[in-house]
Amino acid sequence: MPLVTRVTDLIGRTPLFELATTATGTRLLLKLEQFNPTGAAKIRMARAMIDDAERRGLLRDGGHIIESTSGNTGLGLAVVAAERGYRFTAVVDHHACKDKLRAMRAMGAELVFVADDGDDNLATSAREDLAEAMAAGQSDAYFTEQHNNDANAVGYYAVAEELLEDVERVDILLSAVGTGGSLFGTATRLRQLGCTPRVIGVEPVGSIAFGGPGGPYWQSGTGTPPGATIGTAVDYSLLDEGVKVSDVAAFATARAVAAKLGLMIGGSAGGSVHAALTRLEEFPPGSTVVTLVCDGGEKYLDTVFDDEWMRERDLLDAATEGDVHAMLDRYAPTRRDQLVEAR
Ligand SMILES: Cc1ncc(COP(=O)(O)O)c(C=O)c1O
């Protein structure tokens, strides 16, 4: 790898990890996006949105970037702003993971909270309204508006290109949907490259992008809470199926994957992995199933991986974690064989 001079030069070329294989040869592969700077996929689209704004003359030298963020987009924008000399204001709520907020500040971002201390409800629409109002009042400001920004999806085109460098084809692309940029951007580029996977979106129970009753949920950075509008980055024309995963199942999966394999994945990735594992045998034999791991588990040590936080919210469920352990055992024959061989 060549020497680099900018953190954004380290974006991409993330590893692909084989998590599970069925007896019929269907494989579940995880695209480990936590290997990007900031530990998340979102820095791909943060750079793409700023490149696009510069190209279109919407952001001038020393200008002011404003975005509503649950954390990972803000981290990506903080890096790009620091590198290019922009001011960056992140409009946030206390539902966001504290370490993401601390890291944004460390990289020079200004944080504006829409809710008081102690109110840790997800406040997506309030955040977006405030970000829009702030940008409207300043001539040098640009609201990146990730939910309705075409460059969001474009930022993930490289994910598709990297996948096809590593595997011959992708039969099923199954991943979390928040803004929709990562799943639908990857799917769009795969199609352009002649690969047409079945596209399965995953959202938390309580999220409203795939219908059903809305309600609160704890999976961070993903889904569309009731009251929030679904942006243009959710491309229903590319969606074959939308599934919902409970916080209990998502978090049990993240915890089981960590305990069993030493791989730390975030809560939303836990949801995607749960959806994939529970239906792996329904897919045609020999399928290559790819899930994007939006971020790593290290950001959730105070929540998903904290027994007390989990217990206080009635999220700790030993039986569900046990079920995931059993699925990982069942679908990890190659790893077991390799271990026996190595001994
Ligand atoms: C942890 C996490 N999960 C899932 C998502 C959903 O990704 P997207 O907004 O591309 O749909 C994000 C994006 O912010 C995220 O940070």
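Analyst: Before we look, one definition: a helix axis here is a line fitted to C-alpha atoms over the stretch in contact, and the angle between two axes runs from 0 to 180 degrees between their N-to-C directions. Keep in mind that this is a predicted model.

Now take helix 6 (residues 157-166) and helix 7 (residues 181-192): their axes sit 7 Å apart and the helices pack at an angle of about 55°. That angle makes helix 6 oblique to helix 7, and their crossing is right-handed. Who touches whom? On the helix 6 side you'll find Tyr-157, Val-159, Ala-160, Glu-161, Leu-163 and Leu-164, and they meet Gly-185, Thr-186, Thr-188, Arg-189, Leu-190 and Gln-192 of helix 7. Sort the residues of this contact by type and you get six nonpolar, four polar and two charged.

With 13 residues (72-84) at 1.5 Å a residue, helix 2 should span 18 Å, and its end C-alpha atoms are 19 Å apart, so the two agree. Helix 2 is mostly covered, with ten of its 13 residues buried. Those buried residues are Asn-72, Thr-73, Gly-74, Leu-75, Gly-76, Leu-77, Ala-78, Val-79, Val-80 and Ala-81. What do they pack against? Their partners are helix 1 (43-55), strand 3 (64-68), strand 4 (87-92) and helix 3 (98-106). And just after helix 2 comes Gly-85, with a positive phi of about 75°.

Key. Residues numbered from 1 in each chain as written. Predicted model: local features only at pLDDT ≥ 70, side-chain atom pairs only at ≥ 80, totals over all residues. Heavy atoms only, no water. Helix = DSSP H or I, 4+ residues; strand = E, 2+ residues; numbered from the N terminus. Expected span 1.5 Å × (residues − 1). Buried < 20%, exposed > 50% of the residue type's maximum accessible area, 1.4 Å probe, protein only. Contact = heavy atoms within 4.5 Å. Parallel < 35°, antiparallel > 145°, perpendicular 65-115°, else oblique. Left-handed = near helix turned anticlockwise from the far one by under 90°. Nonpolar A, V, L, I, M, F, W, Y, C, P; charged D, E, K, R; others polar.
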